Amino acid sequence: MGRITYVNGSYLPEDEAKISIFDRGFLMADSVYEVTMVLDGKLCDFPGHMARLARSLDALGIPAPLDDAALKAMHRTLISRNALVEGGIYLQVTRGAHDRDFLWPAGLAPSVVAFTQARDLVNMPSAARGIAVVTAPDIRWGRRDIKTTQLLGAALAKDIARQAGADDAWFVEEGFITEGSSNNAWIITANGTLVTRHLSTHILHGITRAALMRYAAEVQMKVEERPFTIHEAQAAQEAFITSAGSLLCPVVSVDGVAIGTGRPGPISQKLRALYIEESRKAAR
């Protein structure tokens with residue numbers, strides 16, 4: 001038996017998990033999602049993920065199908081039934097199923113699916129060696145702050161990176177880095193200041209980003225929220241990305257130009273260790 005998944009109130013083996021071909025998430029990407037990190041079999045920053053889920057649902061006018069307590073119970077059931085120790089839980093809420101049309105009927109019942117993904121987060125090889133990124137034009141829609149499943153732009157950017165022999169891509173718009181293909185982008189300036197783009201409709205309001213900013217403040221590190229250019233990134237002391245899937249992962253080159261020594265630097269390594277430590281303490 002494979003993984004146990006959740007589909008509209010039922011826990012099912014993954015080969016039995018099915019959803020309608022008329023679901024608007026499938027037909028029109030009319031859906032939102034969250035990925036909650038799991039460490040030591042516990043949920044990390046679950047309230048933050050649920051707050052962002054509620055914000056995304058509200059922005060699209062999709063009614064919340066379950067309250068936070070029910071969602072937490074479902075997540076914990078998936079952890080238990082899949083014996084998940086480390087990795088993540090993917091949750092997707094769609095507007096629901098209806099014959100294909102741009103408009104939807106009133107009272108449409110949302111669809112909810114969720115599944116676990118076991119992954120080595122703490123000791124992931126990419127964090128030890130650092131990743132190479134290339135830049136790509138930001139062709140995504142204007143509401144990147146809503147965590148929708150409209151991910152074709154991100155998928156194409158990752159393919160650009162793969163074809164260039166890199167690990168990932170950073171989006172560029174009007175000369176400035178917006179964010180990574182599936183993560184928030186950071187640099188560390190020569191004087192040790194952490195720089196990441198300010199919150200707006202241009203970027204996803206990362207949960208890992210927010211947590212790291214809290215932890216950085218606690219150790220009295222200066223953080224600036226502002227755009228930065230490709231050149232500024234290439235001239236930085238260090239760079240890294242943050243996301244639920246990578247935690248904090250050092251970036252060692254941008255468009256073929258080495259960042260600092262071309263290896264993971266001490267500040268990003270310290271921040272990664274701090275993030276993992278604090279996340280484990282706060283996990284529930």
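**Sheet, salt bridges and cavity**

Tutor: Strand E3 (residues 31–39) and strand E5 (residues 87–94) pair in the antiparallel sense over 8 bridges. Two strands pair here if DSSP finds at least two bridges between them, while helices (H or I, at least four residues) and strands (E, at least two) are DSSP runs numbered from the N terminus. This is a predicted model, where local features need pLDDT of at least 70 and side-chain atom pairs count only at pLDDT 80 or more, whereas totals for chains, interfaces and linings use all residues. Residues are numbered from 1 along each chain as its sequence is written, and side-chain values use heavy atoms, with hydrogens and water left out.

Student: Which residue stands opposite Gly87 in E5?

Tutor: Val38 does.

Student: What order do the 6 strands of the open sheet take?

Tutor: The order is E2-E1-E6-E5-E3-E4, with antiparallel pairing. At the edges are strand E2 (10–13) and E4, each of which pairs on one side only.

Student: Which strands does helix H3 lie across?

Tutor: Helix H3 (residues 68–81) lies across strand E1 (4–7), E2, E3, E4, E5 and strand E6 (111–118), and it runs at about 135° to E5. Contact means heavy atoms within 4.5 Å. Axes are lines fitted to C-alpha atoms, for helices over the stretch in contact, and angles run from 0 to 180 degrees between N-to-C directions.

Student: Take Ala114. Is it buried or exposed?

Tutor: Ala114, in strand E6, counts as buried at 1% relative accessibility. Buried means under 20% relative accessible area, exposed over 50%, and partly exposed in between (1.4 Å probe, protein chains only).

Student: What does Ala114 touch?

Tutor: Leaving out residues up to four places away in sequence, Ala114 touches Thr5, Tyr6, Met74, Leu78, Tyr90 and Leu91. Val93 is 21 residues from Ala114 in sequence and 8.9 Å from it in space, C-alpha to C-alpha.

Student: Now salt bridges. How many are there?

Tutor: The count comes to 21 salt bridges, each being a side-chain nitrogen of Lys or Arg within 4 Å of a carboxyl oxygen of Asp or Glu. One of them joins the side chains of Arg214 and Asp45 at 3.8 Å, N to O. That pair links distant parts of the chain, 169 residues apart: Arg214 is in helix H6 (residues 207–218), and Asp45 is in the loop between strand E4 (42–43) and helix H2 (46–60).

Student: Where does the Glu225 and Arg209 pair sit?

Tutor: The salt bridge between the side chains of Glu225 and Arg209 is 2.6 Å, N to O. Glu225 is in strand E12 (residues 223–225) and Arg209 in helix H6, 16 residues apart. Glu225 is partly exposed, at a relative accessible area of 41%, but Arg209 counts as buried at 3%.

Student: Change of topic. How many cavities of 30 Å³ or more are there?

Tutor: The structure holds 1, and the largest cavity has a volume of about 40 Å³. A cavity is a set of points on a 1 Å grid over the protein atoms alone where a 1.4 Å probe fits but cannot get out, and lining residues have an atom within 4 Å of a point. Grid points are joined across faces, edges and corners, and the volume is the space filled by probe spheres set on the points.

Student: Which residues line the largest cavity?

Tutor: Met37, Cys44, Asp45, His49, Ile207, Thr208, Ala244 and Tyr275. Asp45 is also in the salt bridge with Arg214.

Definitions and conventions
1 Å grid on protein atoms, 1.4 Å probe; cavity = no way out; pocket = protein on both sides within 12 Å on 5 of 7 lines; lining within 4 Å.
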